[in-house]
Amino acid sequence: MPVIQDLLANNRHWAASRASQDPDFFPRLSRQQNPDFLWIGCADSRVPANEIVGMDPGELFVHRNVANLVLPSDLNCLAVIQYAVEVLNVEHIIVCGHYGCGGVRAAMQDRQLGLIDNWLQPIRRLCERHAEELAGLASDTARVDRLCELNVVAQARSVAATTIVQNAWHRGQPLAVHAWVYALADGLIRDLGDTLRGIDDLAPNQRLRALE
Ligand code: CO
């Protein structure tokens, strides 16, 4: 098991190696960031955002929380989306969940874990809405994995329904919201094909007119 000093030693090696490959790397990044993508993913240690999509520092703006939830009451997540869309002008928001998500699995069980159970409540409601489909699956693993997919799609729609994203679309800003799921078993990402690119991709009752 690594000890805490290992992290600092690793950091020194990484910084030295980066600087030797590209002497302008740190000076360039210290001047500004210009990412084209916002990544909203799970806090799970096995899903390191930059690494799995081959992005360098500076290329991905990242927000992670347990089970990659986007709740309209979460000021933290909303602030990230607003800054990414309105200041950094990202063109893509990727909501990426992962199969075997512990948060999703916890939301399907009755064992109490503490405060986190409150956070995971929206997944319990999602589970209830799709109870019939989930009950038809062959195993608990399959049910967890399907709920991981349903959760990603629901969270991508939640991103798209924010006033931030809807107003970007009203301004004509190119912005796509993607629903992806990562497989821990083979390291591959699957695009669930539920990309939202404009107001018309929202459910009719979610659509807001532009501010007058
Ligand atoms: Co997870």
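1. A definition to start with: a residue counts as buried when its relative accessible area is under 20%, and as exposed when that value is over 50%. Please also keep in mind that this is a predicted model. With that cut-off in hand, look at strand 4 (residues 176-182), which is mostly covered, with 7 of its 7 residues buried.

2. Which way do the residues of strand 4 point? Ala176, His178, Trp180 and Tyr182 go one way, while Val177, Ala179 and Val181 go the other way, and all are buried.

3. Now for the partners of strand 4. Strand 3 and strand 4 run parallel and are joined by 7 bridges. Along this pairing, Ile94 stands opposite His178, and Cys96 stands opposite Trp180. On to strand 5 (residues 189-191): 3 bridges join it to strand 4, and these two run antiparallel. Here Tyr182 has Ile189 opposite it. Strand 4 and strand 5 make a hairpin with 6 residues between them, and Gly187 in the turn has a positive phi of about 80°.

4. Stepping back to the whole sheet, there are 5 strands in the order 2-1-3-4-5, in an open sheet with mixed pairing. Strand 2 and strand 5 are at the edges and have a single partner strand each, so one side of each lacks a neighbour in the sheet. On average, and ignoring direction, neighbouring strands of this sheet are turned by 25° against each other.

5. What lies on the sheet? Helix 4 (residues 75-87) lies across strand 1, strand 2 and strand 3, and runs at about 170° to strand 2. Helix 9 (residues 140-161) also packs on the sheet, where it touches strand 1, strand 3, strand 4 and strand 5; its direction makes about 160° with that of strand 4.

6. The largest nonpolar core has 29 residues, and those touching the most other members are Leu38, Ile81, Ile93, Val159, Trp169 and Val177. Two or more residues each come from strand 1, helix 4, strand 3, helix 9, helix 10 (163-170) and strand 4. Helix 9 is the one that gives the most, with 6 residues. Another core, of 17 residues, lies apart from it; Val104, Ala107, Val144 and Cys148 are among its members.

7. Setting aside neighbours within four places in sequence, Val159 is in contact with Ile40, Val70, Ile81, Ile93, Val95, Val165 and Val177. For helix 10, the buried residues are Ile164, Val165, Gln166, Ala168 and Trp169. These buried residues pack against helix 4, strand 3, helix 9 and strand 4. Just after helix 10 comes Gly172, with a positive phi of about 85°.

8. Which atoms coordinate the cobalt ion? They are SG of Cys42, NE2 of His98 and SG of Cys101, at 2.1 to 2.3 Å. The spacing of these donor residues in sequence is C-x55-H-x2-C. Cys42 lies in strand 1 (residues 37-42) and Cys101 in the loop between strand 3 (92-98) and helix 5 (102-106), so the pair ties together parts that are 59 residues apart in sequence. Both Cys42 and Cys101 are buried.

9. Is His63 buried or exposed? With a relative accessibility of 6%, His63 counts as buried, because the cut-off is under 20%. His63 sits in strand 2 (residues 60-65). Beyond its neighbours within four places in sequence, His63 is in contact with Leu38, Trp39, Ile40, Gly41, Asp74, Asn76, Cys77 and Val80.

10. Val66 lies in the loop between strand 2 and helix 4, and is partly exposed, with a relative accessible area of 30%. Neighbours within four places aside, Val66 is in contact with Cys42, Ala43, Gly103, Ile116, Trp119 and Leu120. Cys42 in that list is also a donor to the cobalt ion.

11. A last point on domains: the domain assignment of the chain gives domain 1 (1-31) and domain 2 (34-206). Taken over C-alpha atoms, the centres of domain 1 and domain 2 are separated by 30 Å.

Note on methods: Residues are numbered from 1 along each chain as its sequence is written. This is a predicted model: local features need pLDDT of at least 70, side-chain atom pairs count only at pLDDT 80 or more; totals for chains, interfaces and linings use all residues. Side-chain values use heavy atoms; hydrogens and water are left out. Helices (H or I, at least four residues) and strands (E, at least two) are DSSP runs, numbered from the N terminus. Buried means under 20% relative accessible area, exposed over 50%, partly exposed in between (1.4 Å probe, protein chains only). Contact means heavy atoms within 4.5 Å. Donors are N, O and S atoms within 2.8 Å of the metal (3.2 Å for Na, K and Ca); water is not among the atoms, so sites may look incomplete. Two strands pair if DSSP finds at least two bridges between them. Domain bounds come from an automatic or database domain assignment. Axes are lines fitted to C-alpha atoms, for helices over the stretch in contact, and angles run from 0 to 180 degrees between N-to-C directions. A nonpolar core is a set of buried Ala, Val, Leu, Ile, Met, Phe, Trp, Tyr and Cys residues joined through side-chain atoms within 4.5 Å.
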